[in-house]
Amino acid sequence: MDGEELTEQETALYDRQIRVWGVDAQRRLSKAHILVSGMKGTVVEFCKNIVLAGIGSLTINDDRPVTEEVLSANFLIPPVESLYGGKSLAELCCDALKEFNPMVRVSVERGDLSSFDGEFYDKFDVVVLSCCSVAYKKLVNEKCRKSSKRIAFYTVNCRDSCGEIFVDLQNYTYSKQTKQKNQLKDMIEVDDPEDLGDPLTAEERGEVHSSALNITKKLDETTECRLQYPSFEEAIAVPWKSLPRRVCKLYFAMRVIERYEIVEGRKTGETLVADLSGVLKLKQEICEAHRLVTSTREFPPVCAILGGILGQEVIKAISGKGDPLKNFFFFDAMDGKGIIEDISHANTGT
């Protein structure tokens, strides 16, 4: 992602964003290559956000045909069946995403990503998965970790009014600005010009004020921070008894439902409220009944929130600026709260 400068066209198009996060961050974004699999509502919101932000390229993967369930949360799909032409979800979304920002290369990758070798993943800086099994997530995450470079890995899952984001940035280094108090304030601020002997002219007052501003800027420090993330497999393998008592209950609910789908041979997202008795038998008593989903469909407002958070986190990871979340984010529309949980194995040092 390093080496190339922004073109004049890119600088003009992304002028407002550059004012927010700087030229270097925008340059990194414009050279970033992102792979996304599973074009459900939340991922569609994410793709829209990062395409508008000006990434280098976006590769999307989803060979499924259009269904009524998909239409309920995917605003990229036209509601007219005659326009489908036998295209897959990824192909239809690709056509729509290109219109958001012609400067971003958007393409489609067919096939089962879990069957691709490591060289395929080496082309990307970020991999995002949705609408897939636990085994699929583990396998793709492992391939990303075996790459010769650091690949940021994310999973996102929206079940009715609840959602979850998982983040694995491996060994991640980033910088953040730290505001320091101006210890020299008393030395440069003058309440009474007479204190300096002769009265100050307007020009001299301006010079004193300018000096104060320059010293304040110099006192702002850039701090380098490091975080170590567990893999998806390691994170979900942490014994529940070792977790803090106040851990978000959605974490347990998501893990129970995933396990139920594995045992029953269900596809991701096929668990219904009718399966509640079976889910509860599977265990855990801590997974309260009212936290289990009542619908297999995504809730569009929750998709928008999760897609926005995911886009924000990916931009942080690419630019290397700002505190990234570690390593789970949960959102429940019932109370409108977003919660970050650090679920890491005790003996990994994370």
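Phe-46 is in contact (heavy atoms within 4.5 Å) with Ile-34, Val-36, Val-128, Gly-307, Leu-310, Gly-311 and Val-314, leaving aside neighbours within four places in sequence. This is a predicted model, in which local features need pLDDT of at least 70 and side-chain atom pairs count only at pLDDT 80 or more, while totals for chains, interfaces and linings use all residues. Residues are numbered from 1 along each chain as its sequence is written, and side-chain values use heavy atoms, with hydrogens and water left out.

Phe-46 also belongs to the largest nonpolar core, which has 57 residues. A nonpolar core is a set of buried Ala, Val, Leu, Ile, Met, Phe, Trp, Tyr and Cys residues joined through side-chain atoms within 4.5 Å; buried means under 20% relative accessible area, exposed over 50%, and partly exposed in between (1.4 Å probe, protein chains only). Ile-34, Val-36, Cys-47, Leu-58, Ile-60 and Tyr-154 are, with Phe-46, the residues with the most contacts inside this core. Its largest share, 8 residues, comes from α14. A second, separate core of 33 residues includes Val-127, Phe-153, Leu-250 and Ile-343.

Helices (H or I, at least four residues) and strands (E, at least two) are DSSP runs, numbered from the N terminus. In helix α3 (residues 23-30), the buried residues are Ala-25, Gln-26, Arg-27, Leu-29 and Ser-30. Their cover includes α1 (8-13), α2 (15-21), α4 (41-53) and α14 (300-319).

Helix α4 packs against α6 (residues 89-100) at an angle of about 35 degrees, the axes being 9 Å apart. Axes are lines fitted to C-alpha atoms, for helices over the stretch in contact, and angles run from 0 to 180 degrees between N-to-C directions. Val-44, Cys-47, Lys-48, Val-51 and Leu-52 of α4 meet Cys-93, Leu-97 and Phe-100 of α6.

The structure holds 0 disulfides (pairs of cysteine sulfur atoms within 2.5 Å). Two cysteines are set out below.

| Cysteine | Closest cysteine sulfur | Distance | Relative accessible area |
|---|---|---|---|
| Cys-47 | Cys-93 | 7.6 Å | 0% |
| Cys-303 | Cys-158 | 4.2 Å | 1% |

The sulfur of Cys-303 is too far from that of Cys-158 for a bond.

Asn-157 lies in strand β5 (residues 152-159) and is buried, with a relative accessible area of 8%. Not counting residues up to four places away in sequence, Asn-157 touches Cys-162, Gly-163, Glu-164, Met-254 and Leu-306. Between Asn-157 and Cys-131 there are 26 residues of sequence separation, and their C-alpha atoms are 6.8 Å apart.
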